[in-house]
Amino acid sequence: MGVAGEDWRWGRVDEQPFDHYTDASDRVVVLKRERRHDEAEELLLWCIDYVEAEAEFEKHQKYGHAAIAPAYYRHLGIVYRKDGRYQDEVEILERYVEACRGLGRDPQKKMSERLERARELAAESES
């Protein structure tokens, strides 16, 4: 038996001015629009860590519904692609796929397709 959901608190929540990763969505959009990619990356990595920690917690709950929210990985992949950081994009999208598989779930098809394209771009940039 796990900890009741209302008793769980992510240990790194105080690193950002948000109570939950879903509260950061609007800020992510603003940072991307303003091309403040370093700040967007920092916030998105925090969100992704939170998503994964919450999913891991839910996985062990009797009535939990563990899932991986792909939006944060996608947003960070976009930031990396715009900056020409194709290998970083590949790595964050692979992290998404692995997180899904760790929960016994299939990644979204669009995310798998995006990963394939990122791999192509990374290979081209190395040539």
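Which residues form one aromatic cluster? In this predicted model, the cluster consists of Trp8, Trp10, Phe18, Tyr21, Trp46, Tyr50, Phe57 and Tyr72. The structure holds nine aromatic pairs. Two pairs that involve Trp8 are described here.

Trp8 pairs with Tyr50 in a tilted arrangement. The ring centres of Trp8 and Tyr50 are 6.3 Å apart, and the planes make an angle of 55°. Trp8 lies in the segment before α1 (25-33), while Tyr50 belongs to helix α2 (residues 37-59), so the pair ties together parts that are 42 residues apart in sequence. Accessibility was computed for both partners. Trp8 has 24% relative accessibility and counts as partly exposed. Tyr50, at 5% relative accessibility, counts as buried.

Trp8 also pairs with Phe57. This pair is stacked, with 5.1 Å from centre to centre and 20° between the planes. The stacked label follows because planes under 30 degrees apart count as stacked. Here too, distant parts of the chain are linked: Trp8 is in the segment before α1, Phe57 is in helix α2, and 49 residues separate them. Phe57 is buried, with a relative accessible area of 10%. Trp8 thus has aromatic partners at Tyr50 and at Phe57.

A helix pair was examined next. Two packed helices are described by the angle between their axes and the distance between the axes. The axes of helix α3 (residues 71-82) and helix α5 (residues 109-126) come within 12 Å. They cross at roughly 20°. Angles under 35 degrees count as roughly parallel, and α3 and α5 are therefore roughly parallel to each other. Their crossing is left-handed.

On the α3 side, the contact is made by Tyr73, Arg74, Gly77, Ile78 and Arg81. Helix α5 contributes Met111, Arg114, Arg117, Ala118 and Leu121. By class, the contact of α3 with α5 has five nonpolar residues, one polar residue and four charged residues.

Cys100 was considered separately. This residue sits in helix α4 (residues 86-102). Cys100 has a relative accessible area of 4% and is buried. Buried means under 20% relative accessible area, so the 4% of Cys100 falls in that class. Leaving aside neighbours within four places in sequence, Cys100 is in contact with Ile68, Arg105, Asp106 and Pro107. Cys100 and Ile68 are 32 residues apart along the chain, yet their C-alpha atoms are separated by 6.2 Å.

Terms used. Residues are numbered from 1 along each chain as its sequence is written. This is a predicted model: local features need pLDDT of at least 70, side-chain atom pairs count only at pLDDT 80 or more; totals for chains, interfaces and linings use all residues. Side-chain values use heavy atoms; hydrogens and water are left out. Rings of Phe, Tyr and Trp (its six-membered ring) pair if their centres lie within 6.5 Å; planes under 30 degrees apart count as stacked, over 60 as edge-to-face and the rest as tilted. Helices (H or I, at least four residues) and strands (E, at least two) are DSSP runs, numbered from the N terminus. Buried means under 20% relative accessible area, exposed over 50%, partly exposed in between (1.4 Å probe, protein chains only). Axes are lines fitted to C-alpha atoms, for helices over the stretch in contact, and angles run from 0 to 180 degrees between N-to-C directions. Angles under 35 degrees count as roughly parallel, over 145 as roughly antiparallel, 65 to 115 as roughly perpendicular and the rest as oblique. A crossing is left-handed if the near helix is turned anticlockwise from the far one by less than a right angle, and right-handed if clockwise. Contact means heavy atoms within 4.5 Å. Ala, Val, Leu, Ile, Met, Phe, Trp, Tyr, Cys and Pro count as nonpolar, Asp, Glu, Lys and Arg as charged, and the others, Gly among them, as polar.
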